[in-house]
Amino acid sequence: MLGHPASPQLPHPSRRLVLGSAAGSALLTATSAATSTARARAAEPDVRPLPGDAQAAAAVRAEYLHSWYGYTGQAWGYDELCPLSGGHNDFFADGHTFGLSIVEALDTLYLMGCDTELANARGWVEANLDPTQDVDIHVFEAVIRLVGGLVAGHLTTRSDVLLARAREFADRLLPAFTSSPTGIPYTHVNLRTGQVHGREVALAEAGTNVMEFGALSRLLGDSRYYDAAMRAYRAVLSRRSSLDLLGTTVDAENGRWVDNRSTAPNPPVDSFYEYLWGGGRLLGDPQLTSWYHTLTRAVLAHQTERSGGRVWYRAVDAATGARTGPTHQSELAAFYAGLLGKGGDLARGAAYFDSWTAVLDRYPVLPETVDYTDFSVVDQGSQLRPEYANSAFDLWRLTGDARYKHAVWRWFENLRTHLRVPGGYTVADEVTTDSVRLGDLTPGYWFAENLKYAWLVFSRTPRFDYRQGILSTEGKVLAGAR
Ligand code: DMJ
């Protein structure tokens, strides 16, 4: 365990950028438009100017390559790097590697114009990635990371081998869907034998597949993948309450709710809603879009909670709408700001983004879980997460509002100050208001998501279609690579 030395860069409130609080407002500067709440927290707001876009983009790309070379130097071919110890981590199962970080990085390397690194990554995947391993694999993670990564890799490199690998993984994952009596996928499947297990399924696991499977069906002219995803969706949607709320965990074999609380937009339901919207956009499927609006209306009506002038989402009983459980919010829910914006509710998206910005005003990096009534830390770690930047990117793309650029830059600088190590970037084991204690892992999604969002905001790369581009929950470019 490494301690975190007192650094002159530590985010004493007086050194922070003050970010917006009003939806759709123009760029807030420290001297002109900071809210009174923000002023109270940030006695002397940071007035450092932002770098120009080109300079910011170059800094983001340099940090991506810093972590990429950390991975390639110490853990090449393994799933994930442990950058402090120089070790590695098997993400899916001990003793099995899928070169996860490489698959995760493919389309990011393309977007960043890292063509030599991309050629090496593609070469490793084409030569080494083995979808036939005798191992029980987590279906949700395999779909969003491996199938999604390979599809995005194919779309950015035109490699037919990558597409063939995506198909092979999907074929080996399909028994989780097709052997389920309800169509809701089992949580695990053995890639070699097709044996399934795990009947208690969280909503994200049930419904975060239509974008990858739909894209694959389209590319291959084979509807089996899309059909499986839609059957799972129908099974869940048909069990919604009279309030149009869904529970959190469902039994794949009998379709009964195991946990009847609606905990959206927190995990483990988060991306279920994201894929109704994203699937509708990507596949032009009005049914998915309509489900998104129906369910979102219900979440907003029954789960919105105001605390300290900010908006949060409480857990409720799906049948009655009665509040249940503690006043906690997971950092992973921060993605919901962007989703609300994409779904057409920019005001609510901006307000929820501001709620998370207020948490970031308090901590060097966002803790995993906070109590939204007082911002105290509930889960003290910080897993190098991308959700806040994901929403900043989405909202910037929708509005062009420069305050989201400021938000991404402040977030990026905080990561660079607190989570950068000689071997790359790492998670934190503990976050307090003025310190960070480092952990030892570079999660695979780091190479897919975090700095991709920052890069897209600052680079204006011609390799991405900013109007039509569509990213998955894992940040994979499933449409719009140019
Ligand atoms: C990513 O794997 C995906 O974004 C997923 O949907 C949930 N969040 C993690 C990273 O935090």
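In which helix is the place of Leu216? I looked this up and found Leu216 in helix H9, which spans residues 210-220. I note at the outset that the model is predicted.

**Entry: Leu216**

I then looked up the separation between Leu216 and Ala166. These two residues are 50 residues apart in sequence, and their C-alpha atoms are 7.9 Å apart in space.

**Entry: ligand shell**

I next listed the residues around the ligand. They are Ile144, Arg145, Leu332, Arg385, Pro386, Glu387, Tyr445, Glu449, Thr473 and Glu474. By class, I recorded four nonpolar residues, one polar residue and five charged residues in this shell.

I looked up the distances from ligand oxygen atoms to side chains of the shell. For Glu474, a polar side-chain atom lies 2.5 Å from an oxygen atom of the ligand. For Glu387, the distance from a polar side-chain atom to a ligand oxygen atom is 2.6 Å. For Thr473, an N or O atom of the side chain is 2.7 Å from an oxygen atom of the ligand.

I finally asked which pocket the ligand takes up; the space in question is the largest pocket.

Technical notes:
Residues numbered from 1 in each chain as written. Predicted model: local features only at pLDDT ≥ 70, side-chain atom pairs only at ≥ 80, totals over all residues. Heavy atoms only, no water. Near = heavy atom within 4 Å. Polar contact = N/O pair within 3.5 Å; in protein donor to acceptor, adjacent residues only side chain to side chain. 1 Å grid on protein atoms, 1.4 Å probe; cavity = no way out; pocket = protein on both sides within 12 Å on 5 of 7 lines; lining within 4 Å. Sits in = over half its atoms within 2 Å of the grid points. Nonpolar A, V, L, I, M, F, W, Y, C, P; charged D, E, K, R; others polar. Helix = DSSP H or I, 4+ residues; strand = E, 2+ residues; numbered from the N terminus.
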